[in-house]
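Colleague: I have not looked at this structure before. Can you walk me through some parts of it?

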Amino acid sequence: METLVYKRPESLLKDGHFTFCPGCGHGVVLRIIAELIDEYNLQKDTIAISSVGCSIFLEKFFNLDVAGASHGRSPCVATGIKRCKPDKFVFTYQGDGDAATIGFNETIHTACRGEHITTIMINNTNFGMTGGQASATTLVGQVTTTTPHGRKAELTGYPLHAAEIVAKCDGTAYSARVAITSTKCIRQAKEAIRKAFETQIKGLGFGFVEVLATCPTNWHMTPVEAVKQIENVTETVHPLGVFKDVTAKEQE
Amino acid sequence: MAKELVKGNEAIAKAAIKAGCQCYFGYPITPQSEIGEYMGAHLPELGRVFITAESELASINMVIGAGTTGTKAMTSSSSCGIALMQEAFSAMCCAEVPGVIVSVMRGGPGLGNIAPAQADYFQALKGGGNGDYHLIVLSPSTVQEAVDLTYRAFHLALKYRNPVMLLADGMLGQMMEPAEFGEYPYKDPDVTKWALDGANNREPRNIVSLHMPEGEMEALTNRIFEKYEQVAKEETTYESYMTGDARLILTAFGTVGRIAKSAVQKARKAGMKVGLFRPITLYPFPEKQLHEAAQHADMILDLELNKGQMLLDVRSAVFGACPVEFFGRTAGGLLTPDMMFEKIQELYKKLDNRLEAKIEAGVKKLWKH
């Protein structure tokens, strides 16, 4: 007897093709999101909000309604949508340039208001789409096109730790940082995103998941080297973990 | 229906609620803070949405979110706050997202001051945001007209899927006068054909402003500009007061328009043939109508509380039919009917002198023959 072990999620377009670079982390996360929307049977009730950067082309991949937002403002667009349609499932998909750099004020205030939305932030520690410039989350010492000799703390300061700061906001129900460097990690990432989705479904508050993702093209590494870079270096600066989970007490 | 004595800002907020505005997103700024205060006091008790956003950037982008669901939403701000929203206006026009923006102008540039001014005409009409786009801009001159145009703003936003700006100034926002709040007179279009509500038994939809494939953005812009032509054809409104026999026509918008009306009345009493042409829609600008009025006039006097902004549109509309003069004050300086009357007298004298000169030249010519 045959058993189906792998199928394309309904929430991904049948003729949609990811346009990311080889070894990029975006595709893995988009697939996780699509699988979860299928699992919760939310496809007919979901509005996804795209942002600016490599995270922009959601309507080319998702079999879902998509609203576009200006750079950094997708949590505001999501707020407007969710407040008008409280029974819909609303999430933003952003990068570190969008959610942690130009739009961090919006991220924080959306968290403080406890908006019933979910934000998935892909953190590849640089502006990928514009060619690999330093962002707010860039590691000290990281070589980018705007820090060709490595980020120097005395000149440009220190990386911003989004998931930890979001966790400090009273309106946040769930905040975690995950990686997608191994099968185990990918499963854990999916569970974290599931939790963040559930906090919205249960009306508990703002859900935030920061995903450490590879950017081999701009890091000038092979995909395998980029994975090692996250495991050996990035995770020492941006540690994995659940920084807030309001459901944790219930489970104890 | 009974009239009530009401402050301009509150009248706009009250009219928005009557027009069916379901959400208000804003950030406080003088001289329009009463709009947000009124909304904060009334929307929640109606079960509608009120949010004081973290910035004007956030508030206009929340309007975008509401607009993509086809919900009537608005924000309000003043000069420097409106400046922060320009990127979003451009995105709204491109993605065809409806929304209402109330701009209550204060003195500028910079933080300027909190006195009335009209120096954000360029800001409202000539961009700030990137690319080819137009807001529909409505200009009230009285509190009653602010009420009526607020109703109209919500209707036009949905009808054309374009942001609509109500461009008022601090004078109108802060003044009290009687106004009537009639029933919302428009029948709004069905939004279910385009609004986002989840791909339930239909293909997924998207409302975005990025169009990378070659030719796609140009084709979209061309289609949107065809829409603007339709707006110009069907929605252009203006007030023409005693312009039929006028030798001197005043042009003015908003509160300056009503002050100019008093100046016209004074000039008429003094025997001068003066009229007023007041655009009510600044975009679409009543270009043809002003051009026609100018055909029969000897001179246009444009009056504004700025250094000459609508002046460019007036000149373009008049297109050489007669000379165009400008008289204005800015950054909180006001024009009174008497100041306008003095300017009218000065210019009218010039017109008479010019007429005498013409006659003189004609007589000399005759003598030569």
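**Helices on a sheet**

Modeller: Helix α12 (residues 310-318) of chain B lies across β11 (248-251), β14 (299-304) and β15 of chain B, and runs at about 160° to β14(B). Contact here is counted between residues whose C-beta atoms, placed from the backbone, lie within 7 Å. Axes are lines fitted to C-alpha atoms, for helices over the stretch in contact, and angles run from 0 to 180 degrees between N-to-C directions. Helices (H or I, at least four residues) and strands (E, at least two) are DSSP runs, numbered from the N terminus.

Colleague: Which other helix packs on the sheet?

Modeller: Helix α13 (residues 337-368) of chain B, which touches β11, β12, β14 and β15 of chain B. The direction of α13(B) makes about 160° with that of β14(B).

Colleague: Before we go on, what sort of model is this?

Modeller: This is a predicted model, in which local features need pLDDT of at least 70 and side-chain atom pairs count only at pLDDT 80 or more, while totals for chains, interfaces and linings use all residues. Residues are numbered from 1 along each chain as its sequence is written, and chains are lettered from A and ligands numbered from 1 in the order in which they are written.

Colleague: Back to the sheet. What is the strand order?

Modeller: The order is β10-β12-β11-β14-β15 (chain B), an open sheet of 5 strands with mixed pairing. Strands pair if DSSP finds at least two bridges between them. β10 (238-241) and β15 (324-328) of chain B are at the edges with a single partner strand each, so one side of each has no neighbour in the sheet. On average, neighbouring strands of this sheet are turned by 20° against each other, direction ignored.

Colleague: How many bridges join β10(B) to β12(B)?

Modeller: 4 bridges, and β10(B) runs antiparallel to strand β12 (residues 274-279) of chain B. B:Y238 has B:P279 in β12(B) as its bridge partner.

Colleague: Is β7(B) buried or exposed?

Modeller: Strand β7 (residues 163-169) of chain B has 7 of its 7 residues buried, so it is largely enclosed by the rest of the structure. A residue is buried if 20 or more other C-beta atoms lie within 10 Å of its own, exposed if 12 or fewer, and partly exposed in between; C-beta atoms are placed from the backbone. B:P163, B:M165, B:L167 and B:D169 point one way from β7(B), and B:V164, B:L166 and B:A168 the other way.

Colleague: Which strands pair with β7(B)?

Modeller: Strand β5 (residues 99-105) of chain B runs parallel to β7(B) and is joined to it by 7 bridges. Strand β6 (residues 136-138) of chain B also pairs with β7(B) in the parallel sense, over 3 bridges. B:M165 in β7(B) stands opposite B:I101 and is the bridge partner of B:V137.

Colleague: Now the two chains. How many residues does the contact take from each?

Modeller: It takes 30 residues from chain A and 34 residues from chain B. On the chain A side, α3(A) gives the most, with 8 residues. That side divides into 11 nonpolar, 10 polar and 9 charged residues. Ala, Val, Leu, Ile, Met, Phe, Trp, Tyr, Cys and Pro count as nonpolar, Asp, Glu, Lys and Arg as charged, and the others, Gly among them, as polar.

Colleague: Which peptide bonds are cis?

Modeller: Among them are the bond joining B:T30 and B:P31, with omega about 10°, and the bond joining B:Y283 and B:P284, with omega about 0°. B:P31 is in the loop between β2 (23-26) and α2 (33-42) of chain B.

How values were computed. Contact = placed C-beta atoms within 7 Å.
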